[in-house]
Amino acid sequence: MAHYDDPAATRHASPETATSRESDPAAPSGPLLSRRSLATGALAAAGAAAFAATASAQMPTPQAAKRTEASASPLLGRLTTVMPGIETRLVEAMKTFDVPGCMLGIVSGDKLVYTKGFGARSKSDKRPVDSRTQFQIGSTTKAFLATTMAIGVDKGWLAWDDRISDRHPGFALKDDWASREFRLFDIIAQRSGLMPYVNDGLTALGYPPPDLVHSLRYVEPVSSFRSAFAYTNITHLVAGEVVAKASGAKDWDAVAQAEILDPLGMKETSFTAEAISAAPNHATGHTWVPKGSIEIPFDPSFPYSLGPAGNMNSTLEDMARWMRLHLANGAFEGKEIVSPANLGVTRIPRVGMSDTIAYAMGWLLMSTPNGRVIWHNGGTNGFGTHFGFLPDKGLGVIVLSNLQNIGFVDALALSIYDALLENPAQDYFAREIEKAKAGAAADDARYTPPKSPTPPLDPAALAGTYKSEMLGEVKVEVDGKGLAARFKTGAVLNLTPFDGPLYLVRLKAEGRFAPIVAMSADAPTGFMSFAADASGKLNRMTWLYDDSQSYVLTRV
């Protein structure tokens, strides 16, 4: 299955390659949606008044902006010095990670001062990538969402301390207090108290956005609200719906188009699988396995069904325009697009991830020995993106690739930041590829049957209809030596005997679900376990989706 990326690495890290498997959107994942796709975190705040006060204190003055421009000048000379070595290492790493294509861009002040393409649009299309090649940008979409929220506050559509339940009556959590207290400044701050990537895998089973949002009310919290970082994506669907309704637009995509893309002239940025597929100059995604990368198809299910959590496609030239807005604190070519004050609110730390990293709203804030970095990464099943900048130096780095984010794009960007800031050098590439291999090995071990498994239960005794409030009815039928579980969406999970009451789960590659299986290289999606209830009958079925998420269904 697939997941969105997470900028929350504990070292000098990316949101997607952060702490543990559960808090790291870029960690190797199991089922349908790959966890290497969308994520980050933030520090809890006391309220809108505190936000405004902190934002005012942090907003650059015109004098500060001039100092930033001046500080960028020495960096340009250093850039010329360090880039030959960076390029050499980049090319080597592309071979190690088996990256088909990569675009690298660096913006200083109001100019794209470096842009270079490496490799091809795909393994089957050897035409070179260039600055107008479209890529999925994954969770870097979250900063666009945060900015539309800030624009909404600027225009009076929204207030930072608006209760989400007032703005979105369909939003509810199992914790009634958290449901009432969830504010606009919480909804994308990655501190919900829910488990990481909560219910993302349901996108691969065809559950539509309203069902995804509704599903949150059935999930047990794993931590106190606002107390810990946990990367989620469905909360961003809620935020997008709030912004769209407040603005009077048909959906969040329309808000982003009118308020950001059109004013910035981002003419080659889009929001759907159909749009990127139809673009004459687009890259094709590749998922990663230890033997190399595998070309995969586009599909509306992921990341597009998760909306502003990661549904955008863009080019290096367009992303450079987006970077110029951030380096200019909300202005573009002399026109204010978003106020510095409210843009600054999106960069306030909301939840700590380590002693040097915090999550804000669509941004990861990182302290290095010689300077600050604000960034986010993105990861879908077939693409990896990094977008970050040095706020005190007026310089930003953009990396687009057509390989699932297993750390390559973040390693490249972090290497550039360290080189420019003269931080101690680290071999991020070696670290990330070893993490990816270790994660794949762990998955292989998890899904390798025992040498002497316990005989499976009688399939006929397990067949029947099961139900949960979250998933609805699931019909289980005998299928050869195994079972098939059919969901209300039409998705079928094949259940293969693994060890006694435990069955290995794979999504069946049929109909509209065939491309989804291809996107995950037919990876298993956890286990299904059958057990007796208090009556002693086999009436309980549990889908063990991954280490942190499980779904319990009872026989009807």
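In the hairpin formed by strands β1 and β2, two residues lie between the strands, and glycine 109 there takes a positive phi near 60 degrees. Strand β1 covers residues 101-108 and strand β2 covers residues 111-119; the two pair in the antiparallel sense over eight bridges. Within this pairing, leucine 104 stands opposite lysine 116 in β2. Two strands are said to pair if DSSP finds at least two bridges between them. Strands of a sheet pair through backbone hydrogen bonds, either parallel or antiparallel.

The model is predicted: local features need pLDDT of at least 70, side-chain atom pairs count only at pLDDT 80 or more, and totals for chains, interfaces and linings use all residues. Residues are numbered from 1 along each chain as its sequence is written, and side-chain values use heavy atoms, with hydrogens and water left out.

**The chain as a whole**

The chain holds 15 helices and 22 strands. Helices (H or I, at least four residues) and strands (E, at least two) are DSSP runs, numbered from the N terminus. Of the 556 residues, 61% count as buried. Here buried means under 20% relative accessible area, exposed means over 50%, and partly exposed lies in between (1.4 Å probe, protein chains only).

**The barrel**

Eight strands make a closed barrel in the order β15-β16-β17-β18-β19-β20-β21-β22, with antiparallel pairing. From one strand to the next, the twist averages 30 degrees; axes are lines fitted to C-alpha atoms, for helices over the stretch in contact, and angles run from 0 to 180 degrees between N-to-C directions. Strand β17 (residues 482-486) pairs with strand β18 (residues 492-499) over four bridges in the antiparallel sense. Leucine 483 stands opposite leucine 495 in β18.

**Two buried polar residues**

Threonine 148 belongs to helix α3 (residues 141-154). Threonine 148 counts as buried because its relative accessible area is 1%. Its side chain makes a polar contact with the side chain of tryptophan 252 at 2.9 Å and reaches the backbone oxygen of leucine 145 at 2.7 Å. A polar contact is a pair of N or O atoms within 3.5 Å; within protein, one must be able to donate a hydrogen and the other to accept it, and residues adjacent in sequence count only if both atoms are side-chain atoms. Not counting residues up to four places away in sequence, threonine 148 touches Val243, Trp252, Val255, Ala256 and Ile260, where contact means heavy atoms within 4.5 Å.

Serine 401 is found in strand β14 (residues 395-401). Serine 401 is likewise buried, with a relative accessible area of 1%. A polar atom of its side chain lies 3.4 Å from the backbone oxygen of leucine 403. Leaving aside neighbours within four places in sequence, the contacts of serine 401 include Val99, Phe135 and Val409.

**Salt bridges**

The structure holds 22 salt bridges. A salt bridge is a side-chain nitrogen of Lys or Arg within 4 Å of a carboxyl oxygen of Asp or Glu. Side chains of opposite charge can pair when their charged atoms come close. Three of these bridges are listed below.

| Residues | N to O distance |
|---|---|
| Arginine 89 and glutamate 92 | 3.6 Å |
| Arginine 167 and aspartate 162 | 3.1 Å |
| Glutamate 510 and lysine 508 | 3.6 Å |

Arginine 89 and glutamate 92 both lie in helix α2 (residues 62-97), three residues apart, about one turn of the helix. Arginine 89 is partly exposed at 27% relative accessible area, and glutamate 92 is partly exposed at 40%. Salt bridges link Arg89, Glu92 and Asp427 in a network. Arginine 167 counts as partly exposed at 29%, whereas aspartate 162 counts as buried at 16%.
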